[in-house]
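Dear colleague,

Please find below the structure that I am handing over to you.

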Amino acid sequence: MAASVWLNCSSKGMVKLLLRGRFVVGACTAHRSGGGWRLLHRSHELLGIPAVKILMPALSPTMEEGNIVKWLKKEGETVNAGDALCEIETDKAVVTMESSDDGILAKIMMEEGSKNVRLGTIIGLLVEEGQNWKQVEIPADTGGLSSTAPLMVQPSAAPPLPSVGILASVSTKMDHGLGKLPVRLSPAARYILETYGLDPNNVTPSGPRGILTKEDALKLLQQKQKIEASDLRPVISPAPPQPTVVPLVPQAKTMSSVYPRPSFPPISIPGQPAAQDVFTEVPASNIRRIIAKRLTESKTTVPHAYATTDCDLDAVLKLRQELAKDDIKVSVNDFIIKATAVTLKQMPDVNVTWNGEGPRQLRSIDISIAVATDRGLITPIIKDAATKGVQEIAASARALAKKARDGKLLPEEYQGGSFSISNLGMFGISGFTAVINPPQACILAVGRARPELKIVEDEEGNKKLQQHQLMTVTLSSDSRMVDDELASVFLETLKANLENPIRLALC
């Protein structure tokens, strides 16, 4: 393997380097730089094999960072364009990342379980087929050393050269002429050092070619925490002499026993009752953090208006029973989706989104349905819902809900949408108000069906009490696009379509 040497040469002199048992003339020239020396000769073998960087991609419009859930390829395995590389948890779902290049997966930079990996971060390296993937060059972080900075090389990385005298003299000049070389950092180590303000010179790098790895940074962080913990321990100073007349010492003991002040915060121990003021930090997933951020932005930037009405479900329930006799399984929610889509087709002024300056009317009616998962709420989309029948909507809703709970939704299956529906009726909720999902203009909150007595007139005009199944729906609308009058007309039309399901077949 070739070697790089630090030499003190005149600008006019020629330097001979012993390389693979041969002399190479004119391999390098030395330059002064502020009392230090620059490395000018770098061989391809010393630097390693150049790699293709695999970067953390933006898998959704609102994604800022992601978590590495699982690697589907191992180091050394052949990768073809289109192969699944890894599973990444975005702000919406767990998405499979596909490779865009052919080659060999040489290095996994971000292991499984890595959290909050920013967009553009190197998560892996590819080399061309036929190359020795174990000698891949680990790139320096773009925010760290410049391209002209020398590389740190461990002494064991290069084989011994035949001429011992030359190396001995060079080593002596390095010790006297060089200061402390900059430390090469892995991306994960750099993030830890910058976050906690650690000095990389306080730990010996253990990575290849002198790279300071994530484990080295964590070791340095543990040392810092131990030092800080020792500094926080209370120093017991001798108590000042107390006057004999006033018995202050017993009184102090009494106060200490009644109001104890521990030196450290109480710790929760599994299997034992929780101590006072004990809490447990629950890590939030990317989805829950993005949900919290978007809900806060929606409630603080979107002028919400609310309108509520009750819909009679007797006709829908009767039609649903008749369809069940023909083994056609549809839910009440499927009828609500269809009725909403038909209403939006009849009132295109509500099928709008906010583009930052004004409303944008959409041609396609795409209904976002809220699905609760273990990772948080996600809204898969039923495309062109107005053109689909209730049975087709039911099949699409079931398939999307299953994929959402399994974390297998594709980006195009949850990005966009023109109107949202959130149904909590299956949880026994009678009515509620929902938060608008920007840039959409409206969201419909659906409660449960409940029996209520209602005075009706028969064909002869006689009044009597009759039980009906009523359902409360609340429309949350963006007042910048949908005013109160338009929202009221929308609910009135939706109520008419839902109470007369035969009208749904006419659109």
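**Overview of the model**

The secondary structure of the protein comprises 10 helices and 24 strands. Please bear in mind that this is a predicted model. Of the 507 residues in the protein, 38% are buried. Among contacts between residues at least 6 apart in sequence, 64% join residues at least 24 apart.

**The six-stranded sheet**

I would draw your attention to an open sheet of six strands, which follow the order β15-β24-β23-β22-β18-β21 with mixed pairing. Its edges are formed by β15 (304-312) and β21 (381-382); each has a single partner strand, so one side of each is left without a neighbour in the sheet. In general terms, the strands of a sheet pair through backbone hydrogen bonds, in either a parallel or an antiparallel sense.

The pairings may be taken in turn:

- β18 (residues 367-369) pairs with β21 in the antiparallel sense over two bridges, and S368 stands opposite I381 of β21.
- β22 (residues 419-423) runs parallel to β23 (residues 442-457), and four bridges join these strands. Here S420 stands opposite I443 in β23.
- β23 and β24 (residues 463-478) run antiparallel and are joined by 14 bridges. P451 has Q469 in β24 as its bridge partner.

The strands β23 and β24 also form a hairpin with five residues between them, in which G461 takes a positive phi near 90°.

**The aromatic pair and a charge over a ring**

The structure holds one aromatic pair. The pair consists of F419 and F490, whose ring centres are 5.6 Å apart; their planes meet at 35°, so the pair is tilted. F419 belongs to strand β22 and F490 to helix α10 (residues 484-499), so the pair ties together parts that are 71 residues apart in sequence. Both F419 and F490 are buried.

A further arrangement around an aromatic ring concerns W354 and R480: the charged end of R480 sits over the ring of W354, 4.3 Å from its centre.

Helix α8 has 15 residues and reaches 21 Å from its first C-alpha to its last, which is close to the 21 Å expected at 1.5 Å a residue. Of these 15 residues, 12 are buried, so α8 is largely enclosed by the rest of the structure. Is N351 buried or exposed? Its relative accessibility is 1%, so N351 counts as buried. A polar atom of the N351 side chain lies 2.9 Å from the backbone oxygen of L362. Leaving aside neighbours within four places in sequence, N351 is in contact with L344, R360, Q361, L362, S364, I365 and S418.

With kind regards

Notes
Residues are numbered from 1 along each chain as its sequence is written. This is a predicted model: local features need pLDDT of at least 70, side-chain atom pairs count only at pLDDT 80 or more; totals for chains, interfaces and linings use all residues. Side-chain values use heavy atoms; hydrogens and water are left out. Two strands pair if DSSP finds at least two bridges between them. Buried means under 20% relative accessible area, exposed over 50%, partly exposed in between (1.4 Å probe, protein chains only). A polar contact is a pair of N or O atoms within 3.5 Å; within protein, one must be able to donate a hydrogen and the other to accept it, and residues adjacent in sequence count only if both atoms are side-chain atoms. Contact means heavy atoms within 4.5 Å. Rings of Phe, Tyr and Trp (its six-membered ring) pair if their centres lie within 6.5 Å; planes under 30 degrees apart count as stacked, over 60 as edge-to-face and the rest as tilted. A charge sits over a ring if NZ of Lys or CZ of Arg is within 6 Å of the ring centre and within 35 degrees of the ring normal. The expected span of a helix is 1.5 Å times one less than its number of residues.
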